Amino acid sequence: MSENRKTHSLQRTPFCLSLENSDSDIGMCGWMLVLFSILLTLLTLPISIWMCIKIVKEYERAIIFRLGRILRGGAKGPGLFFILPCTDSFINVDMRTITFDIPPQEVLTKDSVTVSVDGVVYYRVQNATLAVANITNADAATRLLAQTTLRNVLGTKNLAEILSDREEIAHSMQSTLDDATDDWGIKVERVEIKDVKLPLQLQRAMAAEAEAAREARAKVIAAEGEMNASRALKEASLVIAESPSALQLRYLQTLNTIAAEKNSTIIFPLPIDMMQSFLKR
């Protein structure tokens with residue numbers, strides 16, 4: 001990026017030299033008009049002084065044109081400055097940070113999904129002279145460039161990247177816009193992706209996919225619980241088999257639990273071996 005800025009600065013050198021030599025290039029006729037304007041101003045004092053004195057606020061800069069040429073020194077302000085009523089004109093440039101919304105753009109992603117994306121851009125005028133002399137309407141040009149840049153950047157991403165890598169996309173857009181608007185004297189400070197709107201059918205499909213994934217995970221968790229429970233029961237049966245008295249204690253605990261809840265019900269367990277003997281007969 002530094003090499004690009006050096007290249008831009010070299011490209012702007014002839015323009016800066018023309019600004020420095022603007023007063024000497026107005027020609028003999030131009031100097032005659034300037035002297036006539038000064039003489040007319042002196043003759044009409046003190047009325048003309050109110051037409052010569054202009055005030056520029058702290059956040060503004062004034063670009064003065066004398067006979068169509070920008071005066072030496074570039075932007076003036078803040079504070080007081082003087083102009084000649086007949087030969088000079090000026091344009092005020094706001095140097096504060098400007099914010100605008102990028103309208104929702106219908107973008108076809110890399111995986112052929114149509115999404116609607118909008119954003120917001122923060123920029124400010126860094127060089128008032130370039131913003132006036134190099135472009136007709138810097139604000140409108142920046143807005144249009146932001147829309148096309150948003151389309152171009154999102155066109156190289158798939159849907160998953162757009163939904164997860166918003167910061168990377170915003171940084172890429174900021175770098176692209178900053179490089180493109182450098183010749184206009186504009187500094188792009190920040191770009192943010194506000195919202196990504198998906199088609200209704202795609203939203204339903206993604207919701208069904210997420211629901212199916214959650215159901216699959218629930219079934220896996222239930223199966224793992226059953227497997228762990230069966231292992232625990234197996235270990236418990238081995239412990240009871242080693243000590244027959246443990247089975248009797250477990251039986252008494254079960255009777256105690258049943259008697260606390262349903263005291264009218266009594267359960268007498270029968271060994272499975274006795275039932276098998278009856279079945280054989």
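These are my notebook entries on a predicted model.

**Helix α3**

I started with helix α3, residues 27-43. At 1.5 Å a residue, its 17 residues should span 24 Å. I found the end C-alpha atoms 24 Å apart, so the two values agree.

Next I looked up burial along α3. Gly 30, Val 34, Ser 37 and Thr 41 are buried. They cover an arc of only 60 degrees around the axis, so I place them on the same side of α3. I noted the background for this pattern. An α-helix has 3.6 residues a turn, so residues three or four places apart point the same way.

What do the buried residues of α3 pack against? I traced them to α4 (49-52) and β2 (60-66). Then I turned to the face of α3 directed away from the buried side. That face carries the exposed residues Met 28, Cys 29, Met 32, Leu 35, Leu 42 and Leu 43.

**Annotated span**

I looked up the UniProt record, an unreviewed entry. Its annotation "transmembrane region" covers residues 31-53. In the model, I find that span to be 74% helix and 4% strand. The end C-alpha atoms of residues 31-53 lie 21 Å apart.

**Aromatic pairs**

I counted two aromatic pairs. For Phe 81 and Phe 90, the ring centres are 5.7 Å apart and the planes stand at 80 degrees, so I logged the pair as edge-to-face. The cut-off for that class is over 60 degrees. Phe 90 has 29%, so it counts as partly exposed.

Phe 100 and Tyr 123 also form an edge-to-face pair, with 5.8 Å from centre to centre and 65 degrees between the planes. This pair links distant parts of the chain. Phe 100 is in strand β6 and Tyr 123 in strand β7, 23 residues apart. I checked burial again. Phe 100 counts as buried at 3% relative accessibility, and Tyr 123 counts as buried at 2%.

I also looked for a charge over a ring. Arg 96 lies over the face of Tyr 59, at 3.8 Å from the ring centre.

**Helix α6**

I followed the Phe 100 and Tyr 123 pair to Thr 142, which contacts both residues. Thr 142 lies in helix α6, residues 138-154. Its relative accessibility is 0%, so it counts as buried. Leaving aside neighbours within four places in sequence, I also list Thr 181, Trp 184 and Ile 186 as contacts of Thr 142.

I then moved along to Thr 149, also found in helix α6. Thr 149 is buried, with a relative accessible area of 5%. Not counting residues up to four places away in sequence, Thr 149 touches Met 173, Thr 176 and Leu 177.

**Lys 110**

My last entry concerns a loop residue. Where is Lys 110 found? I located Lys 110 in the loop between β6 (98-108) and β7 (114-125). Its relative accessibility is 62%, so Lys 110 counts as exposed; the cut-off is over 50%.

I listed the contacts of Lys 110 beyond its neighbours within four places in sequence. They are Gly 155, Thr 156, Lys 157 and Asn 158. I also checked one spacing.

How values were computed. Residues numbered from 1 in each chain as written. Predicted model: local features only at pLDDT ≥ 70, side-chain atom pairs only at ≥ 80, totals over all residues. Heavy atoms only, no water. Helix = DSSP H or I, 4+ residues; strand = E, 2+ residues; numbered from the N terminus. Expected span 1.5 Å × (residues − 1). Buried < 20%, exposed > 50% of the residue type's maximum accessible area, 1.4 Å probe, protein only. Arc of directions from axis to C-beta. Contact = heavy atoms within 4.5 Å. UniProt positions renumbered as here; feature names shortened; annotations may be inferred. Phe/Tyr/Trp six-rings, centres within 6.5 Å; stacked < 30°, edge-to-face > 60°. Lys NZ or Arg CZ within 6 Å of the ring centre and 35° of its normal.
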